[in-house]
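User: I would like to learn how to read the main features of a model like this one. Could we go through them one at a time?

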Amino acid sequence: MSRFISKEAVRLKPYTPGEQPADMQYIKLNTNESPFPPAPGVVKAVSRAEIMKLNLYSDPACAQLVEAVAKRNGLRPEQVMTGNGSDEVLSFAFRAFCGEEKGAAFPDVTYGFYKVWAAYYGIEAKIIPLKDDFTIDVNDYMDFPGAIFLANPNALTGVELPVEQIRRLLDADRDRVVIVDEAYVDFGGESCVPLLNRYDNLLVVQTFSKSRDLAGARLGFAMGCPELIADLNRMKFSFNPYNINRLSILAGAASMADEAYFQKCTAAIQENRARTVAELERLGFSVLPSKANFIFAKSPDFPGGELYRRLKQNGILVRWFDEPRIRDYYRITIGSAEQMERLLEEIRRFLGEV
Ligand SMILES: *Cc1c(COP(=O)(O)O)cnc(C)c1O
């Protein structure tokens, strides 16, 4: 820290991203990226001719991308806003819908960034514990007067909250906005998008980083009624009007247009997930029911980070959080069939099975 840093900046506790080590080639099962390359159309869209236009600013309206997202989801362009990763979109949502007189509520075990943004903007966070089985009880949120942020399927756990339950929250108070972060919904979860035309207090946020193989392009989007979307754009135009670069706008639009490739990749992940879960359970693990491209698992043979450390020594990265309630769990990204087989081979070896 320099001697120039402000008191406010000192107080922040930055988010810790999963490691991206450069010391050797790891099998990366730690940050929920896709093991597959982007759709073939993405490579064509990001052409030399487009690179030659990088001297010009990108479209501040991101019209091409907004239209592609709207079309795919059966919405009008006024119902869509795009951002530099869904992280940016979510951060705008915190700024737009919370403040001194309106807090934010979210679970104790969820996407770690919610807490970070609340602190960044000086928003009071009401952190509500998940039940013992890591599910959300919406009754715990019914009377909360501020904005509610729910990752669904939930981050860290992969557990899905039924859309029916989210509807109860939306109905309970039509003057309260519920933000549903659907970063992982494309791996077998049920989306809240069909509710958008009935609820003007619902904002659905999705990303290109997991199910669309574009984590490095930094693309995310929000869907909601035109007024909510205008509020988010108000944040964007107060912060960074050219928030998405020219190449990512093209990459995102091309990806959205290739439904077949998207279906193929997300189906492969679900298949690999089912096989991995079955084998881990045979090896004595308990695995939370996951609708995401990762699983949250523990084993009496590997308490307190043991598996994370041993796998890392053997070239495989998974995510382990040294935090209360979840210290014995490992979050394992579902990769390609070959990657998952390597993981299971190592675990069998640790257990003396081979
Ligand atoms: C990965 C993730 C995000 C952020 O995705 P980006 O679009 O890459 O910024 C948001 N929410 C949850 C729950 C995530 O896991």
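Predicted model: local features only at pLDDT ≥ 70, side-chain atom pairs only at ≥ 80, totals over all residues.

User: Which residues belong to domain 1 and which to domain 2?

Analyst: The domain assignment places 7-37 + 260-350 in domain 1 and 40-258 in domain 2. Their C-alpha centres are 24 Å apart. Domain 1 brings 30 residues to the contact, and domain 2 brings 35 residues.

User: How is the size of such an interface expressed, and how much area do domain 1 and domain 2 bury between them?

Analyst: The size of an interface is often given as the accessible area lost when the parts come together. Here domain 1 and domain 2 bury about 2,600 Å² between them, with 63% of it on carbon and sulfur atoms. On the domain 1 side, the residues that lose the most area to domain 2 are Phe262, Lys291 and Arg325, which together account for 29% of what that side buries.

User: Which helix or strand gives the most to the side of domain 1 that touches domain 2?

Analyst: Helix 10 does, with eight residues. Helix 10 (259-282), strand 10 (294-298) and strand 12 (329-333) each supply at least two residues of that side. Sorted by class, the side of domain 1 that touches domain 2 consists of 18 nonpolar, six polar and six charged residues.

User: Next, the ligand. How many residues surround the ligand, and which are the closest?

Analyst: The ligand is surrounded by 14 residues, and the closest are Asp181, Tyr184, Thr207, Ser209 and Lys210. The side chain of Tyr184 has an N or O atom 2.5 Å from an oxygen atom of the ligand. For the side chain of Thr207, the distance from an N or O atom to an oxygen atom of the ligand is 2.5 Å. Arg218 has a polar side-chain atom 2.7 Å from an oxygen atom of the ligand.

User: Which residue forms a salt bridge with Arg218?

Analyst: Asp87 does, with the closest N and O atoms 3.8 Å apart. Asp87 is in helix 5 (residues 85-97) and Arg218 is in the loop between strand 7 (202-207) and strand 8 (220-223), so the pair ties together parts that are 131 residues apart in sequence.

User: How should I read a single side chain, for instance Trp320? Where does Trp320 lie?

Analyst: First place the residue in the fold, then list its contacts beyond the local sequence. Trp320 lies in the loop between strand 11 (316-318) and strand 12. With neighbours within four places in sequence set aside, Trp320 is in contact with Gly304, Gly305, Tyr308, Arg309, Arg327, Tyr329 and Tyr330. A polar atom of the Trp320 side chain lies 2.6 Å from the backbone oxygen of Arg327.

User: Last, the backbone. Which residues does a cis peptide bond join?

Analyst: Asn152 and Pro153 are joined by a cis peptide bond, with omega about -5 degrees. Pro153 is in the loop between strand 5 (147-151) and helix 7 (163-172). Phe134 is a residue other than glycine with a positive phi, near 65 degrees. Phe134 is in the loop between strand 4 (125-128) and strand 5.

Key: Residues numbered from 1 in each chain as written. Heavy atoms only, no water. Domains from an automatic or database assignment. Contact = heavy atoms within 4.5 Å. Buried area = accessible area lost by both parts, 1.4 Å probe. Helix = DSSP H or I, 4+ residues; strand = E, 2+ residues; numbered from the N terminus. Nonpolar A, V, L, I, M, F, W, Y, C, P; charged D, E, K, R; others polar. Near = heavy atom within 4 Å. Polar contact = N/O pair within 3.5 Å; in protein donor to acceptor, adjacent residues only side chain to side chain. Salt bridge = Lys/Arg side-chain N within 4 Å of Asp/Glu carboxyl O.
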